[in-house]
Amino acid sequence: MFNINNISKNYGKKQILNEISFQIEEGTAVGILGVNGSGKSTLLSCIATYYSGSKDVNVGYVPQENPLFDELKPVDNIKMWSPLSKRDIIEQLSNPPLSDMGITEFLDTPVKAMSGGMKKRVSLASVLINQPSLLLLDEPFAALDLPAKEDILQYMKAFLASKGTIIVASHDEDIFNFCNKVYLLKNGNLIDTDDLRQKGISYVDILRS
Amino acid sequence: MITLNRLNVFFKRILYRKTYICMLAFLIILTTTYKLLPAKKQTADIKVAIYNEEISQYSEDMYTCFDEINTLYNFYPVDSKNELIDVVQSGKVECGFFIPADFYINYISGSNDTPIVMYNTPASTLSSAICETLFSCILKVCSPDILTYAIDATAHNQYLMEKMEEYINSDEIFTLESLADGEFSFHEETYHINIPVYEISIILIIFASLLGLLIYLQDKEKGIFTALSRKELHAIKLVSIFTALFPILVVGFVCNIIISGLSHSFSLLLISLVTFIATIISSLIIRKSTHLNKVLPLVMLISIIVIFLGTLI
Amino acid sequence: MNNIKTTFRLLLTNMKRLKHYILQIIISVMVLLSICSLAGYCISKKLYEEGTAAIVKVAYYLPEDEDEKFNNFGLRIIKELDGTKEVAELIEVETIEEGYELLEKGEVLYYIIVPEMFFSGIMDSTNPELTVLFRDNTGIGSYISNELFLSYARYLGMAQSGVYSALDTLRQYDYPASDISDAQGNVNMTFLDRSLNKDSYMEKADATEAGSFTLIQRYLAAALMISLFFVSFVIMPYLQGINKGIRTKLYTLSTGHFHIFIANFLSCIPALYMAFVPCYVVLSIICKTFNPLGLITVLPAILVISLIINIISSICQNEFTSNMTILAVTLIIAYIGGGILPQAMLPSGIQGISSYIPGNYLITTIASAIFGA
């Protein structure tokens, strides 16, 4: 069980997050839903910071903008976020579960020459290679085509299957259909949407309400 | 109609940019500074720097002698040998003299152990003539002691030196009255501080023109003009460059009229036209904003060097 | 420790990224060095404008009298003097009328009529009048010639004073005639030596080759300094290549602006050093200098340049603004540091603040590194 307690954040006088607390069961996926500017990215980065010094929880964070250096190749980018050697990284990428990402096919391609989907896979791999117990994903489907989205979703399912926990912030309904729980972030507060969903209200209407 | 709308929009865009407003403000401030600062006076005389390594009665007397003879040359003291070399190197003075310690003592006794060092440059055409004035004063200052050195009359040195002073100040010795009393006035000139508004206007026009091209390329890469035809795209490009160039041209034109009348203003118009055409031609080669980002500072540097060297040469 | 480890990892990653920029850095710095050196060379030549006065023509008439030997001796001395060679062209006329004609036609500016027994008169204090006629005394040339004549008159006057004083003193104290004659000779020779033999008491030196560094060396060092600053145009994507996504992740690991700045600053140093070394080699070959220690002594200057570039790239939001700011800052630093015009020529206010701006320090450090201290 992951306990997240009293996360608050304000930019100047504006309160973005208002003492947010919630619990997540291990091996589950939690979705954070909210309109643009509601503070989803802020919440995820606060959670990442919350756990970054922790010895018990190994957190992996993939921000919305891919954290990659354009000039470098995938292995060098992964090395930035991992203590493993180049050989070990290639070995990990060649073996399951990371081999499913297919990064070994474009090891010699610099990031600037890659498509959006390939970049997202490299970003994800740079996090998964450290075998995190908690995975934070900020808009993982942004600017991806349908096949790429499908691939990312498969990786997320595989991660869950290996007892990993996911918190994902998104606008995409496909993600929420996959999540065990979905919260709405509104006015700095987290609202459970289970009741609303049971009443048959769509995610669009939940956002509009 | 749509072109007028686009002109309107592009003008607004460029005038909202802080960089652009700073450029316009800079030109206006320079012009205002030029007009507000009073005209200065400057001596157009020929400067000569002197460094005496050791201050003595001889060096003091030498400066007194320069004042007495009302020399054409402006001999002024500097504080160190390095400063002496710097002012000569920079062309600020015609030449410079380093008078080492013990020079006067050695000169009196005819020893050349510590000679004066005269520093000049390839453009110093009067250094030898200036030497004559310098040495004539040194000779005057050291004459009594030179005399007592030349004659071994130790017991009567005092009388000798008094006689020397007497003759130096009398009408019995050979003198020449100054012949130069005509209308040439070398003492003062009035001038306004030379603020290079014209040169800066040209540089800002070149920069503004390239800025207009950069804005166009950045917009194109964002996909803003995806739906436009090729002809419309070219029109947008022209509008973007024109609207970036025009305000700075107007302000530069007015500023140059205020400072120097019409003499530079029309050449400014011509240069703007050439810049506009050159930017359009370069837009055929430079197709990406990232390339222009790299090229732009280099172009600015070369423009600055060429324009300012042109004014020097 | 988390943020130190991450900063170190960022630094290592930056070093790997630098490999992609090496060729661009070297080519751009060599191009920039060529342009800036050429500009510096042109400025240094322009500093030495042509002199203010053209040669002045002076006609003179020497009488044929018993003083002929003295006259020719005096004329030879006058002609040999450097001052005369620099300022005047002496033209002898056969008759007094000829001189007047030349003066009227404007072929000469001055006309000197030496009276009979002039030099004897100087010796025996009768001092016959020397006639000096001039056509126009309003030009700078006439002022300079005038100054020259006055200097020569002073030499003569001092020598005369010396001789008369010696004669008066020795006669006053009843020295024998032979002593008086010897003394007169000594005084004449001594004053002749002191006034006409200036080359013994003076050395000439070319200021452009003097000082800690010659003017050309300073301009080359300034050109190299400017080129190193402008290398940042090439590596700006490298410096600002730590995108938003990377920063977001770094912040969650307590690695903030300062750590990123340190990593960039440290990784910029080898970039600048790589740019410096080929320039150092080329300039050493061209100027025929060899100062191996310079490869080490230049490091403080490179640190300062790296610091300035990184401060600007951290403050500016995008590549364009960073490049323009670096262009402006570099030109200001170069100007105040005496890299464009020599410091002695700058306005006094600017000279006053130059000690607080690193321009002069950078130029002298780079010059020391290449040409030796």
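In the predicted model, chain A is built from eight helices and eight strands. Its radius of gyration is 17 Å, close to the 17 Å that the globule rule gives for 209 residues, so chain A is as compact as a globular protein of that length. Taken along the principal axes, the C-alpha atoms of chain A fill a box of roughly 50 × 35 × 35 Å, and 39% of the 209 residues count as buried. Of the contacts in chain A with a separation of 6 or more, 72% are accounted for by residues 24 or more positions apart. The confidence of the prediction for chain A averages a pLDDT of 87, with 100% of the residues scoring at least 70; within chain A, the mean is lowest, at 80, in helix α8 (residues 203-208), and highest, at 94, in strand β6 (residues 165-169).

The domain assignment divides chain A into domain 1, which comprises residues 1-58 together with 135-209, and domain 2, which comprises residues 68-131. The C-alpha centres of these two domains of chain A lie 24 Å apart, and the contact between them involves 13 residues of domain 1 and 11 residues of domain 2. On the side of domain 1 of chain A that touches domain 2 of chain A, the largest share, six residues, is contributed by helix α5 (residues 146-161) of chain A. By class, this side of domain 1 of chain A consists of nine nonpolar, two polar and two charged residues.

Chain B, in turn, contains 11 helices and six strands. The radius of gyration of chain B is 32 Å, well over the 20 Å that the globule rule gives for 313 residues, so chain B is more spread out than a compact globule. The box filled by the C-alpha atoms of chain B, again taken along the principal axes, is roughly 110 × 40 × 25 Å. Domain 1 of chain B is assigned to residues 2-37 and 195-312, and domain 2 of chain B to residues 47-168; the C-alpha centres of these two domains of chain B lie 57 Å apart. Buried residues make up 38% of the 313 residues in chain B, and among contacts in chain B between residues at least 6 apart in sequence, 79% join residues at least 24 apart.

With regard to the assembly, two pairs of chains touch, and the most contacts among them are between chains B and C. Chain A and chain B, by contrast, do not touch, their nearest C-alpha atoms being 14 Å apart. At the contact between chains B and C, 76 residues of chain B meet 86 residues of chain C. The elements that give two or more residues to the side of chain B that touches chain C are α4 (81-89), β5 (116-120), α6 (127-150), α7 (157-168) and α11 (289-312) of chain B, with the largest share, 13 residues, coming from α6(B). This side of chain B divides into 47 nonpolar, 20 polar and nine charged residues. Strand pairing also links the two chains: β5(B) is joined by five bridges to strand β5 (residues 202-206) of chain C, and the two strands run parallel. Within this pairing, Ile116(B) has Met202(C) of β5(C) as its bridge partner.

The contact between chains C and A takes 17 residues from chain C and 16 residues from chain A. On the side of chain C that touches chain A, the elements giving two or more residues are α1 (2-18) and α11 (244-252) of chain C, and the largest share, seven residues, comes from α11(C). By class, this side of chain C has three nonpolar, nine polar and five charged residues. The buried residues of α11(C) are Ile246(C), Thr248(C), Lys249(C), Leu250(C) and Thr252(C). These buried residues of α11(C) pack against elements of both chains, namely α1 (40-52) and β4 (59-62) of chain A together with α1 and α12 (257-287) of chain C. Just after α11(C), Ser254(C) takes a positive phi of about 60 degrees.

Key:
Residues numbered from 1 in each chain as written. Chains lettered and ligands numbered in written order. Predicted model: local features only at pLDDT ≥ 70, side-chain atom pairs only at ≥ 80, totals over all residues. pLDDT = per-residue confidence, 0-100. Helix = DSSP H or I, 4+ residues; strand = E, 2+ residues; numbered from the N terminus. Contact = placed C-beta atoms within 7 Å. Nonpolar A, V, L, I, M, F, W, Y, C, P; charged D, E, K, R; others polar. Pairing = 2+ DSSP bridges. Rg over C-alpha atoms; globule rule 2.2 N^0.38 Å. Buried ≥ 20, exposed ≤ 12 C-beta atoms within 10 Å, placed from the backbone. Domains from an automatic or database assignment.
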